[in-house]
Amino acid sequence: MARVIPAVVTGLLALAAAPAVQAAKAPDAYTGYADLAAHESEGKDYRRVQRLPKKARVAHIAIHGGAIEPPTTQLADHAAGDRHAFYSFEGLKSSSNSALHITSTRFDEPKGRQVVAAVDYTVSWHAAAGTKATTYVGGRDRRLAKRVATALRAAGFTVAASTPKELNGDSPANIANRNRRGMGVQLELSKGQREQFFADGNLSRAWIADPAHRTRAFYRYVAAVNSVLP
């Protein structure tokens with residue numbers, strides 16, 4: 001006689017056999033910049049940094065910079081150099097910097113908005129999860145996004161064939177797309193990719209702050225992105 005397995009046990013067995021599902025991201029602690037500024041101290045918990053050279057047509061931005069999504073500030077800063085505009089919202093807290101994360105579609109910090117509104121092209125630098133070295137390229141400027149992806153592959157970097165919806169940056173409300181042309185590029189770099197940019201794969205705040213710890217891959221990656229910008 002066949003043995004009957006209770007439904008509860010069957011369900012547990014099925015769950016155990018199923019692949020692990022990644023937990024959903026926690027919602028932002030703050031609804032926007034005004035909410036954040038009312039609870040956090042500028043200069044202590046966060047800071048805003050910007051450069052806007054005359055006649056700049058491109059802005060490199062890191063709205064989750066500092067210790068929120070390292071090393072997006074360093075990448076955007078170096079990519080901007082003296083020619084392009086630069087903006088970074090940087091987490092400075094000793095811990096729990098993720099609380100300073102305001103999602104791209106709700107990022108309304110005035111200085112960042114001002115920098116982006118003054119240019120024609122935007123490259124928004126972000127950090128994604130994943131141990132495999134990969135870049136997800138998104139944004140509403142699909143033509144430029146395609147050129148960036150091609151340049152990165154030509155430089156020896158892996159670019160995902162498709163970008164997950166939560167990373168594709170195609171909303172008109174996304175700050176990357178709020179420039180004069182209404183479309184920008186969003187780069188989401190996996191942890192594995194970001195680790196290649198620093199000696200020993202160390203992404204700690206003090207380590208990435210020192211340019212001496214940057215690898216050749218850091219400079220090669222930024223040069224590839226800039227090579228297709230106007």
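Biologist: Which word describes Arg180, buried or exposed?

Modeller: Arg180 has a relative accessible area of 51%. Buried means under 20%, exposed over 50% and partly exposed in between, with a 1.4 Å probe and protein chains only. Because its value is 51%, Arg180 is exposed.

Biologist: On what kind of model does this rest?

Modeller: Residues are numbered from 1 along each chain as its sequence is written, and side-chain values use heavy atoms, leaving out hydrogens and water. Local features need pLDDT of at least 70 and side-chain atom pairs count only at pLDDT 80 or more, while totals for chains, interfaces and linings use all residues, since this is a predicted model.

Biologist: Which residue forms a salt bridge with Arg180?

Modeller: A salt bridge is a side-chain nitrogen of Lys or Arg within 4 Å of a carboxyl oxygen of Asp or Glu. The closest N and O atoms are 2.9 Å apart here, and the partner of Arg180 is Asp120.

Biologist: How many residues apart are Arg57 and Asp120?

Modeller: Their side chains also meet in a salt bridge, at 3.3 Å from N to O. Arg57 lies in the loop between strand 1 and strand 2, and Asp120 in the loop between helix 4 (110–117) and strand 4. Helices (H or I, at least four residues) and strands (E, at least two) are DSSP runs, numbered from the N terminus. The pair links distant parts of the chain, the separation being 63 residues.

Biologist: What is the relative accessibility of Asp141?

Modeller: The side chain of Asp141 meets that of Arg181 in a salt bridge of 3.0 Å, N to O. Asp141 is in the loop between strand 5 and helix 5, and Arg181 in the loop between helix 5 and strand 6. Arg181 counts as partly exposed because its relative accessibility is 30%. Asp141 counts as buried because its relative accessibility is 4%.

Biologist: Which are the edge strands of the sheet?

Modeller: Six strands form an open sheet with mixed pairing, in the order 1-3-2-4-6-5. Two strands pair if DSSP finds at least two bridges between them. Those that pair on one side only are strand 1 (46–51) and strand 5.

Biologist: What angle does the direction of helix 5 make with that of strand 5?

Modeller: Strand 1 and strand 3 (residues 85–91) pair antiparallel over six bridges. Helix 5 packs on the sheet, touching strand 4, strand 5 and strand 6, where contact means heavy atoms within 4.5 Å. Axes are lines fitted to C-alpha atoms, for helices over the stretch in contact, with angles from 0 to 180 degrees between N-to-C directions. The angle between helix 5 and strand 5 is about 160 degrees.
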